[in-house]
Amino acid sequence: MGIENIRLFLFDMDGTLYLGDSLFPFAKELLAEIRSVGGKYLFMTNNSSKSVDDYILKLEKLGISAAREDFITSSQATAYYLRQNHPGKVLYVCGTRSLVRELEGEGFAVTEDIDRAQCVVMGFDTELTFGKLWNVSKLLTEKKDIPYIATNPDLVCPTEFGFVPDCGSICIGIRNATGREPVVIGKPSPLMPRLAMEQWGFTPEETAVIGDRIYTDVKSGLNAGAMGILVLSGESTPETLQNSPDKPHLVLKDAGEMIPALKKRKFR
């Protein structure tokens, strides 16, 4: 299958291991098999609407036990980027209360007072209001040099019934209103895969990014020099693959197709 040398598996979640609130039937066996052969997996998500603690609770409800160290999220990567590039700035966050708590937990001051705001952070906001869009537009228009950061570029988020607009779609609306483009942190940026490899001591040749989007999941793996594996269980279709300039190393109907290959060898 081509995953013989892979030891670090970076899984997108929604559309890859579950869809909405429905766990794919293969998910538990796949994760158990990776561990049984001495591999390591992390949940790597662009979805900044939930904190790591929220994701732990969600996975527990789906029957998967997880700890904080099992995750790398766009919220964490955004905090890392802010520490490196905008330390000490007061944030205006167009995002969920979970994202605000996550950033506050990383030591950042967050305000709803746009007069105090020194940096704008846009996330996948399932609590979005027009008031937030008004404030972001006002900040980006009146404060021309204010840093503008987006946690992820995803255009849509998959659901059981289809899709809903994600952070990338809202950023397009903000661009149309203000002319401003954000610095995008999540996939397809190589930052999250690189942070995961650095943290756990794996090389790009030992790492695979598995997800249902070519333009975020697969491309982040390619950009980081790792293996990109596309699964057709979420957003992407065969037509998406055909029309994409970025090609994954491997295309699977779903991530469960990795199980037979894993059973054939041991990492230890």
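## Basis

Residues count from 1 along each chain as its sequence is written, and side-chain values rest on heavy atoms, with hydrogens and water left out. Because the model is predicted, local features need pLDDT of at least 70 and side-chain atom pairs count only at pLDDT 80 or more, while totals for chains, interfaces and linings use all residues.

## The open sheet

Helices (H or I, at least four residues) and strands (E, at least two) are DSSP runs, numbered from the N terminus. Four strands form an open sheet in the order 6-7-8-11. The pairing is parallel. Two strands pair if DSSP finds at least two bridges between them. Strand 6 (91-94) and strand 11 (183-184) are the edges, each pairing on one side only.

Strand 8 (residues 148-150) runs parallel to strand 11, and two bridges join them. Ile149 has Val183 of strand 11 as its bridge partner.

## Cysteines

How many disulfides does the structure hold? It holds zero. The criterion is a pair of cysteine sulfur atoms within 2.5 Å. For Cys119, the closest cysteine sulfur is in Cys171, 13 Å away, so a bond is ruled out by distance. Cys157 is in no disulfide either; its nearest cysteine sulfur, in Cys167, is 11 Å away.

Cys119 has 0% relative accessibility. Cys157 has 7%.

## Helix 6

Helix 6 (residues 167-178) has twelve residues. From first C-alpha to last, helix 6 reaches 16 Å, close to the 16 Å expected at 1.5 Å a residue. That expected span is 1.5 Å times one less than the number of residues. Cys167, Gly168, Cys171, Ile174 and Thr178 are its buried residues.

The buried residues of helix 6 pack against strand 7 (119-122), helix 5 (130-142) and strand 8. Contact means heavy atoms within 4.5 Å. On the other side of helix 6, Asn176 and Ala177 are exposed.

## Backbone exceptions

Most residues other than glycine have a negative phi, and most peptide bonds are trans. The peptide bond from Lys187 to Pro188 is cis, with omega near 20 degrees. Pro188 sits in the loop between strand 11 and helix 7 (191-200).

Terms used. Buried < 20%, exposed > 50% of the residue type's maximum accessible area, 1.4 Å probe, protein only.
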